[in-house]
Amino acid sequence: MHFISERRLDDGVLEREFTLGEIPGTLWTPGSTPAPLVLMAHNNGLPKADPRLVARARYTAARGFAVATIDAAGCGDRPRTAADVQARADLRRAMQAGEPVDEIFESLIGPLVENAVPEWQTTLDALLELPEISGRVGYSGGWAALGIRLAVVEPRIAAAGLFAGGYVPRAQREEARKVTIPLLFLLQWDDEGNPRQRALDLFDAFGSEEKTLHANPGGHTGTPWFELEDGCRFLARHLT
């Protein structure tokens, strides 16, 4: 892991950009160390510099957590195949036209998840070698499918906060039954991009004994700010 830049924010959080082979990432650490680690994934192809993700990461780090995100393969500014570009265009067109999107979604998101998981695990290996990070790890993010897959295959993740979840590949819907870690599941009741009933069905499928659903009115980007505070309390219960 090679750190290429750093800056100290007003709240004392240290923000550092890094590269790990071809993987670009950002790490935020609080003033007090060592700190438990939160992997914060963006939604599918959005960049790690997405303003909403950065705001969540800084808020979480200021409350005593180390937070890391990466641009996984096919995400952010990393190269995409011609098939990926075409699938994204087809998905946008179908959603705007109100047409069925399941098969397009499967062809796009399924491979993204499979390719992303090994890179997240490689990143986790490197992060846990840093002295400023303790061994407790959580996941938080709008990429529910990735969170499900990591929760199943990565025993170091102790708790997860997931957003939305209406559109999740079939493989991860099946894997949801194998998820047993504590979960906090956020649902926007009027989310135009994630069918409500699918999200409720996914929540019901999780095998975790401790799972909590928070539902709020509003569209996809309307999650209330206070959910960040609740999310940090959830992480603190299980990571500290």
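**Close-up 1. E132 in the loop between helix 3 and strand 6.** In this predicted model, E132 sits in the loop that runs between helix 3 and strand 6 (133-141), where helices (H or I, at least four residues) and strands (E, at least two) are DSSP runs numbered from the N terminus. Because its relative accessibility is 15%, E132 counts as buried; buried means under 20% relative accessible area, exposed over 50%, and partly exposed in between, with a 1.4 Å probe and protein chains only. The side chain of E132 makes a polar contact with the side chain of R16 at 2.6 Å, a polar contact being a pair of N or O atoms within 3.5 Å, of which, within protein, one must be able to donate a hydrogen and the other to accept it, while residues adjacent in sequence count only if both atoms are side-chain atoms. Leaving aside neighbours within four places in sequence, E132 is in contact (heavy atoms within 4.5 Å) with R16, T29, T33, P34 and A35. Residues are numbered from 1 along each chain as its sequence is written, and side-chain values use heavy atoms, with hydrogens and water left out. As this is a predicted model, local features need pLDDT of at least 70 and side-chain atom pairs count only at pLDDT 80 or more, whereas totals for chains, interfaces and linings use all residues.

**Close-up 2. Q188 in strand 8.** Q188 belongs to strand 8 (residues 183-188) and, at 5% relative accessibility, counts as buried. Its side chain reaches two backbone oxygens, that of P217 at 3.3 Å and that of G219 at 3.2 Å. Apart from neighbours within four places in sequence, the residues in contact with Q188 are N216, P217, G218, G219, H220, G222, T223 and P224.

**Close-up 3. The largest nonpolar core.** A nonpolar core is a set of buried Ala, Val, Leu, Ile, Met, Phe, Trp, Tyr and Cys residues joined through side-chain atoms within 4.5 Å. The largest one holds 55 residues, and the members that touch the most others are L37, L39, W120, Y139, W143, L146 and F206. Helix 3 (residues 102-127) gives the most to this core, with 12 residues. Apart from it lies another core, of 22 residues, among them W28, A57, L184 and L235.

**Close-up 4. Helix 3 against helix 4.** The axes of helix 3 and helix 4 (residues 144-153) come within 10 Å and cross at roughly 55°, which makes helix 3 oblique to helix 4. Axes are lines fitted to C-alpha atoms, for helices over the stretch in contact, and angles run from 0 to 180 degrees between N-to-C directions; those under 35 degrees count as roughly parallel, over 145 as roughly antiparallel, 65 to 115 as roughly perpendicular, and the rest as oblique. From helix 3, V113, E114, A116, V117, W120 and Q121 meet A145, L146, R149, L150 and V153 of helix 4. Setting aside neighbours within four places in sequence, L146 is in contact with A41, V113, A116, V117, W120 and Y139.

**Close-up 5. Helix 1 against helix 7.** Helix 1 (residues 51-62) packs with helix 7 (residues 226-239) at an angle of about 50°, their axes 10 Å apart, and helix 1 is therefore oblique to helix 7. R56, Y59 and T60 in helix 1 meet L228, E229, C232 and L235 in helix 7.
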